[in-house]
Amino acid sequence: MDGLIKLRGFIPFILIIFLNAFVDLGYKILIQNTIFKVYDGQTQIILSAVVNALILLPFVLLFSPSGFLADRFRKPRVMQASAAVAVALTLLITLSYYLGWFRVSFMLTFLLAVQSTFYSPAKYGYIKELVGKTRLTEANAAVQAVTIVAILSGIFVFSVLFEHRLEGQDYRTEADILHLIAPIGWILVICSILEYFSTLKLKAVEAEAPQKKFHLHQYVRGQYLKQNVGKLYSNRNIWLSIIGLSVFWGISQVVLAAFPAFAKEYLGETSTVVIQGLMACSGIGIILGSVIAGRASRQGIETGLIPLGALGIVLALFFTPQLESTGLLVVDFLALGVAGGLFIVPLNALIQFHAKDRELGTILAGNNWIQNLVMLAFLGITVVFATSGITSVSSAS
């Protein structure tokens with residue numbers, strides 16, 4: 001890690017990773033906590049699933065253009081433009097809070113996700129250009145750890161502020177809650193501004209495929225989709241890594257949608273701080289797992305960690321619906337995170353290692369596309385189960 005810090009542009013890049021995840025998670029926490037306070041049971045599960053689906057949908061619809069931009073233009077430039085859009089969107093989000101426009105705030109989830117769709121392949125493709133192939137696993141472990149620290153910080157900060165703003169106040173509708181939490185929106189705005197200025201300090205790199213062209217009619221007809229998926233499938237290492245990551249994040253979406261309702265209905269827990277804190281333990285575990293994976297892979301990509309992590313994930317998920325003690329759930333979510341870190345870090349490194357430089361943006365966008373398609377499918381199943389009368393404890397099982 002010390003060697004990475006000395007690399008020019010690495011510190012601003014890590015700061016961008018932190019702020020980007022912090023803002024995205026913060027907004028998601030505020031909207032989900034609002035749903036949690038107003039709705040119960042199946043309605044709560046469905047609306048939580050819809051929020052997550054709105055976040056995932058742009059990654060599916062905009063796979064080809066996002067990968068094209070990351071390959072065609074300099075990745076730092078793409079990141080700068082995306083960060084600037086995030087500033088505008090967080091201002092709109094904050095305005096919707098003050099006006100009590102829940103539906104507008106709800107739909108802004110989709111636009112923020114569109115911004116992330118174009119941001120993501122440039123951001124993760126830049127890792128390889130910044131550190132080279134030999135330090136990919138170490139850099140991915142650092143990025144994964146910082147991302148999770150940002151997520152944990154976002155969960156803690158925004159949940160505590162959310163509860164503080166509502167403490168002792170009378171609220172019945174979504175609009176009432178948005179009026180109360182509106183000042184928190186300025187944190188999103190300030191962090192987005194800091195993120196934008198950090199992108200201006202990135203080391204300049206040349207575009208990988210500056211002559212590449214995008215034809216709208218090929219995109220509309222699905223020709224780009226067919227070609228790009230073919231690139232993913234043509235390399236077995238890349239394809240299997242993407243499948244593994246997709247299943248892991250798909251399962252995570254079900255847990256995120258179902259566990260709050262499970263905790264409220266069966267554990268009697270009504271504090272968003274406690275519920276988000278329990279799920280945040282998996283984030284702490286991912287940090288630990290990522291650090292372990294990074295240290296085990298100093299001389300290369302340690303693929304033996306992948307089956308070990310998969311086994312740990314299965315065991316942790318098996319015990320989740322069986323536990324009623326908060327303390328045991330902390331241990332369970334922590335174990336789930338450690339196993340997840342061991343599983344996803346080497347898989348991400350394998351994708352970046354085997355991808356050709358001029359196709360890296362497209363490969364990473366394709367990785368996002370497959371992952372989000374699978375996550376949408378898992379969320380769809382969750383909604384079907386909820387509307388069919390299956391309870392959250394059944395979903396957790």
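Student: Which residues do ring pairs link into a cluster?
Tutor: A pair of aromatic rings is described by the distance of the centres and the angle of the planes. Here, ring pairs join Phe18, Phe22 and Phe158 into a cluster. Rings of Phe, Tyr and Trp (its six-membered ring) pair if their centres lie within 6.5 Å; planes under 30 degrees apart are stacked, over 60 edge-to-face, the rest tilted. This is a predicted model: local features need pLDDT of at least 70, side-chain atom pairs count only at pLDDT 80 or more, and totals for chains, interfaces and linings use all residues. Residues are numbered from 1 along each chain as its sequence is written, and side-chain values use heavy atoms, leaving out hydrogens and water.

Student: How many aromatic pairs does the count come to?
Tutor: The count is ten. Among them is the tilted pair Phe13 and Tyr126, at 5.5 Å centre to centre with 50° between the planes. Phe13 sits in helix H2 and Tyr126 in helix H6 (residues 102-131), so this pair ties together parts 113 residues apart in sequence. Helices are DSSP runs (H or I, at least four residues), numbered from the N terminus.

Student: Are Phe13 and Tyr126 buried or exposed?
Tutor: Phe13 is buried, at 1% relative accessibility. Tyr126 is buried too, at 0%. Buried means under 20% relative accessible area (1.4 Å probe, protein chains only).

Student: Which parts does the pair of Phe248 and Phe343 tie together?
Tutor: The pair is tilted, with 6.3 Å between centres and 45° between planes. Phe248 lies in helix H12 and Phe343 in helix H15 (residues 326-354), so the pair ties together parts 95 residues apart in sequence. Phe248 is buried at 8%, and Phe343 is buried at 10%.

Student: What lies over the face of Phe73?
Tutor: Arg72 does, at 4.7 Å from the ring centre. The charged end of Lys123 sits over the ring of Tyr119, 5.3 Å from its centre. The rule: NZ of Lys or CZ of Arg within 6 Å of the ring centre and within 35 degrees of the ring normal.

Student: How many cavities of 30 Å³ or more does the search find?
Tutor: Two. A cavity is a set of points on a 1 Å grid where a 1.4 Å probe fits but cannot get out; lining residues have an atom within 4 Å of a point.

Key:
1 Å grid on protein atoms, 1.4 Å probe; cavity = no way out; pocket = protein on both sides within 12 Å on 5 of 7 lines; lining within 4 Å. Points joined across faces, edges and corners; volume = space filled by probe spheres on them. Helix = DSSP H or I, 4+ residues; strand = E, 2+ residues; numbered from the N terminus. Buried < 20%, exposed > 50% of the residue type's maximum accessible area, 1.4 Å probe, protein only.
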